[in-house]
Amino acid sequence: MPPTDLVGLIDALGGASERHGLHFYDELGEEPEFCSYPRLRQWIDAAASRYLACGVSKGARVVLPFETSRDCVVAFFALVRAEALVLCVRPPSALARGESYAEFLARLGAQHQARFVLDTPSLAALKLPLERLPLPTLAEPTAGILPEGRAQPEDTAFVQFSSGSTSTPKGVPITHEKLIAQLGLLRDFDRRKPGDAGANWLPLFHDMGLIGGFLSCLYAEVDLHLCSPRQFLSDPLGWLELVSRKRVRGFAIPNFGIEYLLRAIRAADEEQYRTLRFDALRHVFVGAEPINPDSFRAFAEVLADLGMQPEALQPAYGMAEAVLIASG
């Protein structure tokens, strides 16, 4: 039976194949750290038990600056498993002043009665207005106390904050029922199955990255290759090479991403990309911002020359309030 809530999805990971899971890249081109889905489930349960032991009670509001890392992923699921309410927000930018991010956290804490903030590496040097909650200690998992109840369909799974590109980010409560419906829709639409290869560089604090690029792959037990936005921006051809080498079946990307890849391809020597093959690609969702038709067509032509079927490239429109895709 498919899971009916996010906790059920976490539990289902324990029964997945040891061969499938998450591949975390510190740098593109290097060997990733592999974490199988059953192993991920063990770490989640152990971390959830530790969070309960250190005072994270049911309904406690925890701000999570969602960096793309194994520790952040485990913490996110562990807090959901511990029945905390996770507020997923952007981490501080390397270019932003620390004081402005601390002010952002203070406003968030006041507006949403948040007590804790996950102590991610990007917060290390900042003086914070919220209590620091440590990242999980991923030693050998040990058994501990976990909540016995199950979430109701109408309960909030987590709070997804909008990008805030034109205003202060707004919290959108994502219910278990609507989240699972969206994940099932995505799996059924692109017919992904366990063991298919996926790739995601989109930020996990954004709904396109968290739900479309990440959670949908866990729902279908896809072998998912994860890197940060910084890695994609610093080595776009390296990311395309990863998609080609791992025979990735699908990914999501915003319009600026396809324009960024086009610029990198046009600036490269032809031999740097002519050996790449994209015949495994079946679904490339383009959304999150207005789509430039000229860029869309140019990207389709370049990848078609390298084996991608033209119909694989698909425009889509989404919004946090719809959980993700509204049309496509």
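Let's start with a charged pair. Lys-193 forms a salt bridge with Asp-196, and their closest N and O atoms are 3.2 Å apart. Keep in mind that this is a predicted model. Are these two residues buried or exposed? Lys-193 is partly exposed, at a relative accessible area of 46%. Asp-196 counts as buried, because its relative accessibility is 11% and the cut-off for buried is under 20%.

That pair is one of several. The structure holds 18 salt bridges. Take Lys-58 and Glu-83. Their side chains meet in a salt bridge, at 3.9 Å from N to O. This pair links distant parts of the chain, 25 residues apart. Lys-58 sits in the loop between α2 and β3, and Glu-83 in the loop between α3 and β4. Lys-58 counts as exposed, with 67% relative accessibility. Glu-83 is partly exposed, at 25%.

Next, Arg-247 and Asp-279. Here the salt bridge is 2.9 Å, N to O. Again the pair links distant parts of the chain, this time 32 residues apart. Arg-247 lies in the loop between α8 and β11; Asp-279 lies in the loop between α9 and β12. Both are partly exposed: Arg-247 at 45%, Asp-279 at 31%.

Now the inside. Nonpolar side chains in soluble globular proteins tend to be buried together. In this model, the largest nonpolar core has 102 residues. Which members touch the most others? Phe-76, Phe-158, Phe-214 and Trp-239. Helix α3, residues 70-81, gives the most to this core, with 9 residues. A second, separate core has 16 residues, including Leu-87, Val-117, Leu-126 and Leu-130.

Look at Trp-239 up close. Leaving out residues up to four places away in sequence, Trp-239 touches Leu-28, Ala-199, Trp-201, Cys-227, Phe-232 and Phe-251.

Last stop: helix α10, residues 293-305. How far apart should the ends of this helix be? With 13 residues at 1.5 Å a residue, α10 should span 18 Å. The end C-alpha atoms are 18 Å apart, so the two agree. At the N-terminal end, Asn-292 is the cap. A side-chain oxygen of Asn-292 lies 2.8 Å from the backbone nitrogen of Asp-294. Just after the helix, Gly-307 takes a positive phi of about 110°.

Which residues of α10 are buried? Ser-295, Phe-296, Ala-298, Phe-299, Ala-300 and Leu-303. These buried residues pack against α9, β12 and β13.

How values were computed: Residues are numbered from 1 along each chain as its sequence is written. This is a predicted model: local features need pLDDT of at least 70, side-chain atom pairs count only at pLDDT 80 or more; totals for chains, interfaces and linings use all residues. Side-chain values use heavy atoms; hydrogens and water are left out. Helices (H or I, at least four residues) and strands (E, at least two) are DSSP runs, numbered from the N terminus. The expected span of a helix is 1.5 Å times one less than its number of residues. Buried means under 20% relative accessible area, exposed over 50%, partly exposed in between (1.4 Å probe, protein chains only). Contact means heavy atoms within 4.5 Å. A polar contact is a pair of N or O atoms within 3.5 Å; within protein, one must be able to donate a hydrogen and the other to accept it, and residues adjacent in sequence count only if both atoms are side-chain atoms. A nonpolar core is a set of buried Ala, Val, Leu, Ile, Met, Phe, Trp, Tyr and Cys residues joined through side-chain atoms within 4.5 Å. A salt bridge is a side-chain nitrogen of Lys or Arg within 4 Å of a carboxyl oxygen of Asp or Glu.
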